[in-house]
Every structure is written in structure tokens, then in C-alpha cells.
Protein chains: 2
Amino acid sequence: MVQEMQIIDGQQTAARIRQEIAEEIRYMLAQGKRAPHLAAILVGTNGSSETYVRAKVRDCKEVGFESTLVRFPENVSEEDLLAKVKEINDNPHIDGLIVQLPLPEHISERKVTETINPRKDVDGFHPENVGKMVLNLPSFISATPFGILLLLENYGIETAGKHCVVVGRSNIVGRPLSVLLSRNSYPGNCTVTVCHSRTKNISEFTKEADILVAALGKPEFITGDMVKQGAVVIDVGLSRVSTDKNEKGYMLKGDVKFDEVAEKCSYITPVPGGVSPMTRVALLKNTLLSNQNSIIS
Amino acid sequence: MVQEMQIIDGQQTAARIRQEIAEEIRYMLAQGKRAPHLAAILVGTNGSSETYVRAKVRDCKEVGFESTLVRFPENVSEEDLLAKVKEINDNPHIDGLIVQLPLPEHISERKVTETINPRKDVDGFHPENVGKMVLNLPSFISATPFGILLLLENYGIETAGKHCVVVGRSNIVGRPLSVLLSRNSYPGNCTVTVCHSRTKNISEFTKEADILVAALGKPEFITGDMVKQGAVVIDVGLSRVSTDKNEKGYMLKGDVKFDEVAEKCSYITPVPGGVSPMTRVALLKNTLLSNQNSIIS
């Protein structure tokens with residue numbers, strides 16, 4: 001019997017999780033507790049950064065979180081930015097702090113990231129959170145890998161003993177996901193292979209994957225012949241590709257050639273509507289966990 | 001042409017590195033600088049722990065480092081132990097601090113590890129060092145993985161684009177090594193697969209390895225039929241196996257069935273005399289790096 005292909009609906013899953021969070025917040029407020037509070041710092045007026053931060057603030061509102069958006073001009077000094085980070089670190093009414101990247105060249109992203117109190121680091125980028133994740137200790141897991149874990153969990157996808165091939169070794173997706181999926185937990189306990197730009201004969205690896213994660217940022221890189229029949233395919237890519245087929249002039253494409261690959265899969269995430277809505281909801285989850293002191297270790 | 005098998009001599013490589021370090025120390029002392037200083041804390045009288053710590057202190061003496069051995073009785077309180085850690089953290093004349101594990105049940109190893117100043121954490125166990133390693137930032141790399149990198153480097157073994165299979169996902173060997181060998185550096189840039197106790201058909205993975213790292217702690221687990229012709233095999237195992245063939249009553253065995261596997265390899269580490277001498281010299285390297293403030297990031 002051939003299993004039918006199932007689309008992993010990130011939009012719907014994220015909506016359900018947002019609803020659960022909203023209920024939790026109503027319950028907390030009724031108990032007289034204060035709502036979780038996310039602070040976001042935005043430097044300059046980069047178009048995509050604006051869009052992302054606005055979406056995060058809107059998400060907060062929707063589930064009943066407080067949010068604070070701090071804006072700085074492009075030419076803010078590193079010193080002033082770090083002072084604001086420290087002020088928010090010390091503010092007991094704020095649970096989570098994110099600084100939207102990229103930052104202007106004259107500011108060290110590393111210094112900013114490492115100045116954020118790890119207990120408020122809901123992006124999970126601080127080395128202490130990364131290290132604790134690797135050591136399987138309680139930690140904030142960054143939003144995209146966390147969102148993918150939530151998808152696997154919500155669809156009840158079996159992971160133990162499966163061969164998972166992660167294409168891409170970025171600090172924010174490929175690397176953490178490869179660690180998370182090989183940890184002794186659920187989702188996890190996969191045999192994990194990490195492929196990257198220096199991998200030779202990459203299709204020999206992808207063809208062996210029970211679970212294939214494409215996170216390299218090259219539109220439609222993964223073609224049908226690179227995927228095993230029955231595989232679970234998670235597409236993390238989200239690239240703008242020019243088109244004259246619509247008014248916007250671009251389409252969003254994943255790293256997977258969907259039409260070819262989908263027919264071979266047991267499960268696949270579409271683009272858009274797969275991983276990216278889960279990334280947004282994962283940030284809310286982290287902020288709630290911070291508010292509840294659930295990541296203290 | 002079949003390449004001849006070469007034994008990777010860890011004893012000899014470690015001796016050469018110790019000599020280089022000793023020369024460096026003589027040079028530093030002649031410049032009027034102070035020698036690197038390693039402090040080790042030993043709790044109780046566990047036989048193996050005694051042996052390890054004594055060896056580390058002896059190594060220090062041999063290369064011209066200062067060393068301090070702090071001993072506590074088995075029933076020392078966690079509070080007193082942590083107070084000593086903090087005292088050493090604050091002592092500007094000490095560059096590196098290790099607390100020999102395991103600790104008695106009533107003391108939290110995690111709390112102790114996380115109390116050590118990351119800048120003096122020459123064992124590389126602090127989450128901040130683990131996180132920075134993952135993020136490819138300057139950090140202390142724990143001794144066994146660091147020793148293995150030094151071996152690969154000293155033997156000029158090509159790693160970029162090779163398929164490396166790591167058997168074992170422990171926090172101190174398998175996990176960090178799998179990350180290090182897939183980072184964008186040398187040694188590194190391998191396509192890395194991590195296998196562990198939940199991996200199915202493990203020999204199907206090991207047979208594909210250009211570089212095979214056995215770090216699971218099961219004597220002679222890797223047999224000849226599990227290894228590809230021409231592979232590089234790194235054996236991290238070091239188990240005592242009973243025997244009536246000698247007076248001690250035991251033999252040291254690696255995770256690799258040496259006689260069967262060696263004849264298929266291009267390079268192989270013996271046990272003993274392969275990885276373990278490198279582990280010891282890697283700790284000295286870290287202590288020197290700390291003294292020279294080379295890990296500041």
C-alpha cells in the first residue's frame with residue numbers, strides 16, 4: 001500500500017497553537033498574573049526588517065501579550081544600543097528581548113547578541129543557550145528549528161531511528177536542527193547527516209533521507225530525483241524569485257521543487273505556509289516560556 | 001595502487017607537541033613572563049580520578065607549567081567546593097581550572113561546571129564554550145575532540161568534502177567532534193553523520209565513512225566488515241577488558257577490533273597510544289592558550 005502524501009499545514013498548526021496560547025493568557029490574566037511581554041529593537045528602516053518586526057508585534061497583540069517596539073535611527077551608536085539592551089535586561093516586566101538583525105556595519109551583532117540576558121534571549125542566539133541546547137539542558141531554542149520540532153510533533157511524525165539529512169549548516173537553522181534531531185528526545189533520536197556547500201555528490205545523501213530538511217537558501221535546489229519515495233520533506237527556504245505572472249513581480253520559492261518532490265513524499269511542507277508561520281509562533285512560545293520561568297536550568 | 005596503512009602515533013605526536021610547548025614556555029620565561037598555571041580540584045579518593053589528575057599535574061611539570069592540586073574529602077559540601085571554584089576564578093595568577101569528574105552524588109556537576117569562569121574553562125565543558133564552538137567563535141574545545149583535531153592536522157589528513165561518520169553522541173566526544181568536523185575550517189568541512197544507540201543498521205553508515213570515529217565505549221564494536229577500504233579510523237574507546245594473559249588481569253581495548261580493521265585502513269589510531277595521549281596534551285594547549293589570552297572573543 002502506498003501511503004498518501006500529506007501536506008504539513010504550518011498556517012493551520014500555527015493558528016491552533018496561537019489559540020492555545022491566547023487561552024493560556026486569558027487564564028493567567030484571570031488569575032491576576034501579568035501577560036508575557038516581548039520587547040523588540042529595530043535599528044534603521046530596512047524594508048524586510050520592518051515587515052518582520054511588525055508581524056511579531058501584531059502576533060503579540062493577537063494572543064494577548066504586551067509588546068514594546070524600540071526604534072533607533074540607522075546611525076545609533078553601539079554604546080546607546082547596548083545601553084538599551086541592558087536597560088531591558090534589568091526591567092522585570094519584560095520577559096523576552098529580540099534585536100532584529102541585520103544591524104548596521106558599525107555595530108557588532110555578536111556583542112549585541114551576547115549582551116542580551118540569556119534568560120530573556122527568546123531568539124536563542126546567545127552562546128549560552130546554544131551550548132545548553134547542545135548539552136540537552138533547558139534552553140531557548142531559536143524560532144525556526146523550534147517551529148520545525150513543533151510541526152513534527154503536531155503531525156505525530158516518527159523520528160527515532162530515522163535517517164535525517166539536513167542540507168545547510170547555518171547557525172540559525174541547519175546547525176541547531178541537526179543537533180536537536182539527534183538528541184535523545186522526541187522529536188529526536190534520528191541518525192543525522194549534515195550536508196553543506198562542501199559536500200560532494202549531495203544527492204547520494206539526500207536520496208537516503210527518511211526525513212529531509214532543506215535549509216540552504218537556494219530556490220528549488222532539491223529536485224524529485226534527489227528524494228526517496230515516502231520521505232518526509234521540510235522546506236525551510238523562502239526566496240523571492242522574479243516573475244511576470246503576478247503584479248508584485250515576484251513569487252516566494254522554497255529550496256524544494258515542490259511539484260516534483262511532493263508526489264514522492266509521505267509528508268511535505270509547502271512554501272509559503274509551511275515552516276515560516278511556525279517560526280513566528282515559536283517566538284511567542286519562547287516568550288511565554290520565559291514569562292513562566294520554564295527555561296531556568 | 002593501494003595506499004599503505006599508516007598507524008597514527010598519538011604518543012609520538014603528543015611528545016612533539018609537549019616539546020614545542022616546553023620551548024614556548026622557556027621563551028616566555030626568558031621574556032620575564034610568568035608560566036601558565038593550571039589548577040585541578042580533586043574530590044575524594046576515586047582510583048581512576050587520582051590517576052588522571054596526577055598525570056595532568058605531571059604533564060604540567062614536564063612542560064614547565066605551574067600547577068596547583070586542591071584536594072577535598074568525599075564529604076565536602078557543595079558550598080565549600082563552589083567557594084573554592086570562585087576563589088580560583090578570581091585568582092589572576094591561575095589560567096586554567098579543571099574539576100575532576102565524577103563528583104559525589106550530593107554535589108551538582110552542572111552547577112560546578114557552570115560556576116567555572118568560561119575564560120578559565122580549559123576542559124571546555126561550560127555551556128558558553130560549547131555554544132561558541134558550535135557558532136565557530138573562539139572557544140576552549142574539550143580535550144579529546146581537540147586532541148583528535150590535532151592528530152588529523154599533524155598527519156595532514158584531508159577532511160574537506162569527506163564523509164565522516166561519528167559513532168556516539170556524548171557531550172564530551174561524539175557531539176562536539178561531529179560539530180567541529182562539519183564546521184567551515186580545517187580540520188573540518190566534512191559531511192558528518194552522527195550515529196548512536198538508536199541508529200538502525202549502523203554498519204550501513206560506518207561502511208560509507210571516509211573518516212570513521214568510534215566513540216561509543218563498547219570494546220571492539222567496530223569490526224572489519226563495517227569499514228570501507230581506505231578509511232581513516234579514529235578509535236576513542238578505552239575500556240578495561242579482563243584477561244588472564246598478563247599479571248594486571250586486564251587489557252585496554254578500543255571500540256575498534258584493531259587487527260581486522262587496520263588492514264583496510266589508510267590511517268588508524270591504536271589503543272593505547274592513539275587518542276588518549278593527545279587528550280592529555282590538548283589540556284596543556286588549552287592552558288597555554290588561556291595564559292596567552294588567545295580564546296578571548
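Author: The model is a predicted one, and the contact in it takes 25 residues from chain A and 26 residues from chain B. On the side of chain B that touches chain A, at least two residues each are supplied by helix 5 (127-134), helix 7 (174-182) and strand 6 (191-195) of chain B, and the largest share, 7 residues, comes from helix 5 of chain B. Sorted by class, that side of chain B has 10 polar, 10 nonpolar and 6 charged residues.

As for how the copies are related, chain B is superposed on chain A by a rotation of 180° with 0.0 Å of shift along its axis, at an RMSD of 0.0 Å, which is the relation of a two-fold axis. Because 96% of the interface residues of chain B are also interface residues in chain A, the copies meet through the same surface.

Turning to the core, the largest nonpolar core has 165 residues, and those that touch the most other members are Val166(A), Val213(A), Ala214(A), Val233(A), Val166(B), Val213(B) and Val233(B). Ala214(A), when neighbours within four places in sequence are left aside, is in contact with residues including Val167(A), Phe221(A), Ile222(A), Val236(A) and Val256(A), and also with Asp235(A), Gly237(A) and Asp255(A).

Methods
Residues are numbered from 1 along each chain as its sequence is written. Chains are lettered from A and ligands numbered from 1 in the order in which they are written. This is a predicted model: local features need pLDDT of at least 70, side-chain atom pairs count only at pLDDT 80 or more; totals for chains, interfaces and linings use all residues. Two residues are in contact if their C-beta atoms, placed from the backbone, lie within 7 Å. Helices (H or I, at least four residues) and strands (E, at least two) are DSSP runs, numbered from the N terminus. Ala, Val, Leu, Ile, Met, Phe, Trp, Tyr, Cys and Pro count as nonpolar, Asp, Glu, Lys and Arg as charged, and the others, Gly among them, as polar. A nonpolar core is a set of buried Ala, Val, Leu, Ile, Met, Phe, Trp, Tyr and Cys residues joined through C-beta atoms within 7 Å. A residue is buried if 20 or more other C-beta atoms lie within 10 Å of its own, exposed if 12 or fewer, and partly exposed in between; C-beta atoms are placed from the backbone. Copies are superposed by least squares on the C-alpha atoms of residues with pLDDT of at least 70 in both.
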